[in-house]
Number of protein chains: 2
Amino acid sequence: MGSDRHEEVLDVLGAAIANGELAPGAVLRSDELQERFGASRTVAREVVRVLETMGLTTSRRRVGVIVSDPAGWNHYDPRLIRWQLDGSGRAVALRTLTELRSGVEPSAARFAALRATPEDRGRLRALGHRLEETARARDLTTFLGHDIAFHDLLLTASGNPMFAQLSTVVAEVLAGRTSHGLMPEEPQPEAVALHVEVAVAVDAGDADRAERAMRGIVDQARDEIAAAVSSNLGGQ
Amino acid sequence: MGSDRHEEVLDVLGAAIANGELAPGAVLRSDELQERFGASRTVAREVVRVLETMGLTTSRRRVGVIVSDPAGWNHYDPRLIRWQLDGSGRAVALRTLTELRSGVEPSAARFAALRATPEDRGRLRALGHRLEETARARDLTTFLGHDIAFHDLLLTASGNPMFAQLSTVVAEVLAGRTSHGLMPEEPQPEAVALHVEVAVAVDAGDADRAERAMRGIVDQARDEIAAAVSSNLGGQ
DNA sequence: TCAAACCCAAAAGTACTACTTATTCAAGAA
DNA sequence: TTCTTGAATAAGTAGTACTTTTGGGTTTGA
């Protein structure tokens, strides 16, 4: 997509809104934006259009571009998620996403057990095995890689596009919690065992067991992050 | 937002893509769009920009606007959801959304139990009561209204914006399954009782119980729609 | 003959100007 | 005071001109 003024301006402005630097109710004028970013009217207009479709702003004639209340934002937009994750609200965003994970992934495991292709079932078991190995070897970085691949595959294999779309989010959360150290990460034996359990259950087509095992994983993660957030208020 | 050429063109084009009338890989040219919709360059360009941010298309110089693979779409965009719900893929979309519900709502109930304001707890119990009454009176339409309000309130009270955003989706599913008759809807006594159970548990701050009760509700809904879809393939 | 460099045309991207429409705010009349 | 009217304003729409990228065909050289 090359050197894109559009993307550039969108990133700056979107991030400013996503992180509350431009509070809800704040009013911008498109010509003011042109000047501020040295962009043409075309670019400014299209950026505003995009922000509008993301629910971040509304435009009203004779008034200007108004920053919307967070309640109206499209919180699943990958861009918005990234802005929040890269900004001051990182800790809160991670908690929000982790909570979503805790709801979605057990269901995804269930449907994966019911609908995964034979290849996916095999791959999942293989990844489970890899996780065991790398955990034993205390190789944290490759463990993380396999962990991400595991959850990604599972969400995709669920056959539900709305689950599948969350794979990038889950990857972000998994990577974020280790890199950011928000959650002291040392592959815990029980967690690894549960991953294997999920893989085996999915392979066997045992939906209930897959769901239950996955719930074990995400509940643990959920409780850990809750503890981390409450002890380390606000994060950052 | 008034009479909006933009919105108009976006709706037609977006719906066409969402329902597969324009298959992935199909190439459009922006000047061709201008002509086809009798819109100005400005409008055509901004529509394409929006479709691009929704992940429905990508634009490449010297090639044109390419319809993306569904895997890259932002499936949580309210617009896309509506297009799918209003189009030929309605049955599939309802199933997809119901599955999402089945994952999210139990978690939402849990967090509502932990974080709801006193007012919300009270309101939830009141709605539970109303559900009992209208179910007894076999007043299906007001029952549906209260049902929607119940789930909406619960998702909002969870304090997680990503859960809260799904309230419109849930409303759509609840309304859709009765209106569309995809799921023979007669308020079932167990379901009503479970709603009350959720309300009581949330009120009492009993997260586990709230989650469990809500799981009972959505699992039932999930199984029913699965049965309906498998017996009535494709829906339509 | 084949491949790598090169050039051209096509289509999106960017910029700018002119005009239209809706809406707020205020002045003035009932 | 309240309603009507009108002017000012800012977004919406339209259209033209120019820039940049890039896919594909063509030439050139080994």
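Me: Which element gives the most to the surface near DNA strand D?
Reply: In this predicted model, that's α3(B), with three residues.

Me: Okay, and which other elements give two or more residues there?
Reply: From chain B there's also α1 (5-18), alongside α3 (41-53). Chain A brings in α2 (30-37) and β3.

Me: Switching to DNA strand C, which residues come nearest?
Reply: Out of 22 around DNA strand C, the nearest are A:Arg5, A:Ser40, A:Arg62, B:Ser59 and B:Gly64. For elements giving two or more residues, look at α1 (5-18) and α3 (41-53) of chain A, and at α2 (30-37) and β3 (64-67) of chain B.

Me: Which of those gives the most?
Reply: α3(A), with three residues near DNA strand C. By class, the surface near DNA strand C has 10 charged, eight polar and four nonpolar residues.

Me: A:Arg62 came up there. Where does A:Arg62 sit?
Reply: In the turn of the hairpin formed by β2(A) and β3(A), which has three residues between the strands. A:Arg62 has a positive phi of about 70 degrees.

Me: And in what sense do β2 and β3 of chain A pair?
Reply: Antiparallel, over four bridges, with β2 at residues 57-60 and β3 at residues 64-67.

Me: What's the bridge partner of A:Thr58 in β3(A)?
Reply: A:Ile66.

Terms used. Residues numbered from 1 in each chain as written. Chains lettered and ligands numbered in written order. Predicted model: local features only at pLDDT ≥ 70, side-chain atom pairs only at ≥ 80, totals over all residues. Pairing = 2+ DSSP bridges. Near = placed C-beta within 6 Å. Nonpolar A, V, L, I, M, F, W, Y, C, P; charged D, E, K, R; others polar.
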